[in-house]
Amino acid sequence: MKIHTFARGVHPREGKSLAEDASLEVLPIPESIKVPMSQHIGGICQPVVKARDTVEAGQIIGEAAGFVSAAVHTPFPGTVTKISAVTLANGRHVPAVIIKVDKIKTLAQAKNEVSARLGTDEISDDEIFEAYAHNLRKDFFTLPENFDLDTYSTETIFSLIQAAGLVGQGGAAFPTHVKLAKDEKFPIDTLLINGCECEPYLTADYRLMLEAGELIITGALLAGKVLGASKILLCVEDNKPKAVENLQAIIARKGLKNIFVAVMRTKYPQGGEKQLIQAALGRKVAVGALPKSVGAAVINVGTAVSVTHAVTRKTPLLWRAVTVTGEGIHRPTNILAPIGASFQDLISHCGGLKPHARRILAGGPMMGFSVGSTDIPVTKGTSGITILTDTELSQTKQTNCLRCGRCVSVCPMRLIPTKLATTSRAKAWDTFIKYHPLACVECGCCSYECPAAIPIVQLIRVGKIEINKRNKK
């Protein structure tokens, strides 16, 4: 079996054993949710509800602001209490619709089912929620009977994906309909489904590949049809043999001819779009160019699942898989979490923080953001929450650059990270721009490898923000 890889990169401690065997659990229904109007790259949605409005599950509450945007929906019925600003994991302040969840209405169907089955109205809250969770899991993980790809036109698939407000669930949160929009100048021959999940600790995508493999493949076929792709590759790192076997078995059982599993070498950042395309196809995406320039498109496995939901059930993106993990949480696990639930809701479900927990990250330790509050909402792009302890955090004292060149040797974009960091720290922006900062994918390989403990990628991020400000003037 051929193993695909790319040049450079690093091999951080995986940490995946903490949660990789934990099946996806349904989060208990929160008292309230905060649904941000910006959960994607592009225009901020405009709220279409107001305080004291009653909303139903799946209802649109934020309209997309143009083509490069994604509509926002509520996962629960309830009452809008207010519209106010919330802070996202990356520090941005954006408007959000705050909803008090109607638990009675949410659980009504499950309660009736349990009551009818047991022949009594005297049933416990746990029994009702268990039935609710069972129904939700069934809808989330099961493909509707008699699904036939040929019954859906490309126009129908595209419009349903756009209406569902789908975005990339691998991190960038790029609106999916924009990525799948046909461009006659750049025909797509290959669709890559990104199941690498190279970020340490996170295992939500892995669980989807084990528990929702059929939906991933269905979503891939639907997206491939829209793009007109002649080949589909399911890209999975070789540290996930069970996922590889499961996907291959589904492909064989269905007798599919144009979709294959491509096994990738376990290395960070194998899941980066440009690195994945280079590793799987041997094609190099130029700086500033998009994957379509080399005839390829990439979507995450979670996004593929949501494509299936949007087309076969006409369900918007309401729930997503999130890993809560690290040595600082009592019970690392994977959760089906509703959009708008707080980090605290998820942490509490996992037994709370351990006494020696020291840092909470939105995402994983390589590209995640450190957060100072657990009152941050889960968004469409929230892949995980990682809680680190003193033993997991680097205790190395920052020193001056040693000029060892290790950051250069691991940079997958072949940049000179130390020069970018030095010029950013000195605010020498004219020099900073000469070292091609916009080519940086902010993977963090440089900071990970630096023996002087210099926060290289953080300094580059600051520089890129400053350059962006200057360009807008």
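Student: Which residue takes a positive phi of about 70° just after helix 8?

Tutor: The model is predicted: local features need pLDDT of at least 70, side-chain atom pairs count only at pLDDT 80 or more, and totals for chains, interfaces and linings use all residues. Residues are numbered from 1 along each chain as its sequence is written, and side-chain values use heavy atoms, with hydrogens and water left out. Helices (H or I, at least four residues) and strands (E, at least two) are DSSP runs, numbered from the N terminus. Just after helix 8, the positive phi of about 70° belongs to Gly-282.

Student: Against which strands do the buried residues of helix 8 pack?

Tutor: Helix 8 covers residues 273–281, and its buried residues are Gln-275, Leu-276, Ile-277, Ala-279, Ala-280 and Leu-281. Here buried means under 20% relative accessible area, exposed over 50% and partly exposed in between (1.4 Å probe, protein chains only). Contact requires heavy atoms within 4.5 Å. The packing partners of these buried residues are strand 9 (190–194), strand 10 (231–237), strand 11 (259–264) and strand 12 (296–300).

Student: Why is strand 13 described as largely enclosed by the rest of the structure?

Tutor: One side of strand 13 carries Trp-319, Ala-321, Thr-323 and Thr-325, and the other carries Arg-320, Val-322 and Val-324; all are buried, and both faces are covered. In a regular strand, side chains alternate between the two faces of the sheet. Strand 13 is largely enclosed because the number of its seven residues that are buried is seven.

Student: How many bridges join strand 13 to strand 14?

Tutor: Two strands pair if DSSP finds at least two bridges between them. Strand 14 spans residues 333–338 and runs antiparallel to strand 13. Arg-320 stands opposite Ala-337 of strand 14. The number of bridges between strands 13 and 14 is six.

Student: With which side chains does the side chain of Asn-334 make a polar contact?

Tutor: Asn-334 lies in strand 14 and counts as buried, because its relative accessible area is 0%. Beyond four places in sequence, Asn-334 touches residues including Ala-19, Glu-25, Arg-207 and Val-322. A polar contact is a pair of N or O atoms within 3.5 Å; within protein, one must be able to donate a hydrogen and the other to accept it, and residues adjacent in sequence count only if both atoms are side-chain atoms. The partners, at 2.9 Å and 2.8 Å in turn, are Thr-203 and Thr-323.

Student: How much space lies in the second largest cavity?

Tutor: On a 1 Å grid over the protein atoms alone, a cavity is a set of points where a 1.4 Å probe fits but cannot get out, and lining residues have an atom within 4 Å of a point. Grid points are joined across faces, edges and corners, and a volume is the space filled by probe spheres set on the points. The lining of the second largest cavity includes Phe-140, Gln-169, Trp-319 and Arg-320, with two or more residues supplied by each of helix 9 (301–313) and strand 13 (319–325). The space within the second largest cavity is about 40 Å³.

Student: How many of the residues that line the largest cavity are nonpolar?

Tutor: The largest cavity holds about 100 Å³, and of its 15 lining residues the closest to the centre are Cys-411, Pro-417, Cys-440, Cys-443 and Cys-446. Ala, Val, Leu, Ile, Met, Phe, Trp, Tyr, Cys and Pro count as nonpolar, Asp, Glu, Lys and Arg as charged, and the others, Gly among them, as polar. Besides one polar and one charged residue, the number of nonpolar residues in this lining is 13.

Note on methods
On a 1 Å grid over the protein atoms alone, a cavity is a set of points where a 1.4 Å probe fits but cannot get out, and a pocket is an open set with protein on both sides within 12 Å along at least five of seven lines; lining residues have an atom within 4 Å of a point.
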